[in-house]
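Below is a short briefing on one protein chain.

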Amino acid sequence: MNLAVSVVLAIGAGYLLDWLGFPAGALIGAMAVIAGLKLYGVEVVEVPGAVRFLALLVIGWDLGTKFSKDLLSAVTKNLLPLVLVVAAFLIMGWVLAWILWKLGLMDPVTAVLATSPGGLVQMGALTSDLNANAPLVVGFHLLRIVTVL
């Protein structure tokens, strides 16, 4: 399958799930249609390096727009609980990652990314930069998000 067809299918599935109000619909729709095609045996073109770089820039831009004076004020007023919760999440994630690695279920980088308290998009993006098992990391975070919702 050529790049243009892959792009059209990913955009279409992403738009559909987003329109239906599915959490992270654009991301999950695109991922599901491309993964489904690959599982069906269709040869799908990999995302070109320049497009991956642009996607990471957009994710960084989006994260940067979340910062504001209100955010800093809320963090300052709740610093102790914030630090305690983040520390607890990180420690639990590292312990789980260590167990998964020691049991031979995952390599250490994949285990840390899969058990880290991060967003699906951000953790998925990091997996490609760190050569981790992207489907496994995204699967963990997708299951976490769906379970919470």
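How many helices and how many strands are there in the chain? The chain has eight helices and zero strands, where helices (H or I, at least four residues) and strands (E, at least two) are DSSP runs, numbered from the N terminus. This is a predicted model, in which local features need pLDDT of at least 70, side-chain atom pairs count only at pLDDT 80 or more, and totals for chains, interfaces and linings use all residues. Residues are numbered from 1 along each chain as its sequence is written, and side-chain values use heavy atoms, with hydrogens and water left out.

**Overall make-up**

- Read from the N terminus, the order of elements is α-α-α-α-α-α-α-α.
- Along the principal axes, the C-alpha atoms fill a box of roughly 50 × 40 × 30 Å.
- Of the 149 residues in the chain, 20% are buried (under 20% relative accessible area; exposed is over 50%, partly exposed in between; 1.4 Å probe, protein chains only).
- Among contacts (heavy atoms within 4.5 Å) with a separation of 6 or more, 44% join residues 24 or more positions apart.

**Helices α1 and α2**

- Two packed helices are described by the angle between their axes and the distance between the axes.
- For α1 (residues 3-19) and α2 (residues 25-39), the angle is about 135° and the axes are 7 Å apart; axes are lines fitted to C-alpha atoms, for helices over the stretch in contact, and angles run from 0 to 180 degrees between N-to-C directions.
- α1 and α2 are therefore oblique to each other (under 35 degrees is roughly parallel, over 145 roughly antiparallel, 65 to 115 roughly perpendicular, the rest oblique).
- On the α1 side the contact residues are Ser6, Leu9, Ala10, Ala13, Gly14, Leu17 and Asp18, and on the α2 side they are Gly25, Ala26, Ile28, Gly29, Ala30, Val33, Ile34 and Leu37.

**Helix α7**

- Within α7 (residues 120-129), the buried residues are Leu120, Met123, Gly124, Ala125 and Thr127.
- Their cover includes α2, α3 (49-65), α6 (108-115) and α8 (134-148).

**His141**

- His141 belongs to helix α8 and is buried, at a relative accessible area of 1%.
- A polar atom of the His141 side chain lies 2.8 Å from the backbone oxygen of Leu113.
- With neighbours within four places in sequence left aside, His141 contacts Leu113, Ala114, Ser116, Gly118, Leu120 and Met123.

Methods: A polar contact is a pair of N or O atoms within 3.5 Å; within protein, one must be able to donate a hydrogen and the other to accept it, and residues adjacent in sequence count only if both atoms are side-chain atoms.
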